[in-house]
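Please read the points below with the model open beside you, and look up each residue as it comes. The notes begin with the surface and then turn to the rings.

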Amino acid sequence: MQHYISFDVYSTSSEEFNSDYLMRFLFFVIFTFLSLNIFASGEFGGGVTFSPNISFKGEDVSIKINQDDFESYAYSVLINGSFFVERKFPKVALGIGLGYLFLNEQTEKVSKDFTTEELKDYIFNHDYGTLPMYMRIKMSKRFFLKTGITSLVNLSNNLTSVLTDVNNGASTQAILADNTSYNLFNFSGDIGIGYTFVDKKIAMDIEPLFTKNLIGLFNGEVDANAFQSSIGVSLTIRF
């Protein structure tokens, strides 16, 4: 079965596109340079973090898959977990981690045919390896600001078709060949305000977290997932 995706989105000029990517690259280089210099001193620490997020888009975008029109990723869930090490200072901590990210996206069919007895949608699953780098700034004894950038490597992708009977709600699933061209590397910007609710030898933090995709899942200058954002809650255990 032929599988293709077409996007009904605005386009950007080549000059705007190149300057946008240049700014992202410079931000990444500066952040990495500062990280390597500060990381050379201070007290060592480490831990694990887990973050379920719900993704959303700032604008409505439609996509076309196998002759069917859908709203672009009406439902999207992101699960992120990582191990990290950090250098701690009186007011600032700087860390780097290694983790895994799972992104699940489901379309919602846009149909003008109300006589159909089956509704069709598609589920995309993406697996990423992650390399988060962050700075945690202490605002008070319990509250902190955390910001950073995460490098992502696309490991695998799969596409599932779901047919749902409108009469009895029964559904059937089938795995399809996914011929979409995905970006191998990606980046996201992360920011959150956290609260340390356990502050002993082992500390525990809870943190509302906002993440913004900087490149997009698909190859090309314009795609349905450019600048995808997500919001969720991060739970961290650190020592």
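Which residues form a nonpolar patch on the surface? This is a predicted model, in which local features need pLDDT of at least 70 and side-chain atom pairs count only at pLDDT 80 or more, while totals for chains, interfaces and linings use all residues. Residues are numbered from 1 along each chain as its sequence is written, and side-chain values use heavy atoms, with hydrogens and water left out.

1. The nonpolar patch is formed by Met139, Phe143, Ile193, Tyr195, Phe197, Ile206, Val233 and Leu235, which together have about 700 Å² of accessible area. Strand β9 gives the most to this patch, with three residues, and both β9 and β11 (229–238) supply at least two residues each; strands here are DSSP runs of E, at least two residues long, numbered from the N terminus.

2. One of the patch residues, methionine 139, lies in the loop between β6 and β7. Methionine 139 counts as exposed, at 52% relative accessibility (exposed means over 50% relative accessible area, buried under 20%, and partly exposed in between, with a 1.4 Å probe and protein chains only).

3. The structure holds two aromatic pairs (rings of Phe, Tyr and Trp, the last by its six-membered ring, pair if their centres lie within 6.5 Å; planes under 30 degrees apart count as stacked, over 60 as edge-to-face and the rest as tilted). Phenylalanine 84 and tyrosine 134 make an edge-to-face pair, with 5.8 Å from centre to centre and 85° between the planes. Because phenylalanine 84 lies in strand β4 (residues 68–88) and tyrosine 134 in strand β6 (residues 118–138), the pair ties together parts that are 50 residues apart in sequence. Phenylalanine 84 and tyrosine 134 are both buried.

4. The rings of phenylalanine 143 and tyrosine 195 have centres 5.0 Å apart and planes at 55°, so this pair is tilted. Since phenylalanine 143 lies in strand β7 (residues 143–165) and tyrosine 195 in strand β9 (residues 185–199), the pair ties together parts 52 residues apart in sequence. Phenylalanine 143 counts as partly exposed at 42% relative accessibility, and tyrosine 195 counts as partly exposed at 32%.

5. The charged end of arginine 87 sits over the ring of phenylalanine 44, 3.9 Å from its centre, and the charged end of lysine 146 sits over the ring of phenylalanine 84, 6.0 Å from its centre (a charge sits over a ring if NZ of Lys or CZ of Arg is within 6 Å of the ring centre and within 35 degrees of the ring normal).

Note on methods. Helices (H or I, at least four residues) and strands (E, at least two) are DSSP runs, numbered from the N terminus. Patches are made of residues with over 30% relative accessible area and no salt bridge: like charges are joined within 9 Å, nonpolar side chains (Val, Leu, Ile, Met, Phe, Trp, Tyr) within 5 Å. Accessible areas come from the Shrake-Rupley method with a 1.4 Å probe; for residues, only the protein chains shown count as cover. A salt bridge is a side-chain nitrogen of Lys or Arg within 4 Å of a carboxyl oxygen of Asp or Glu.
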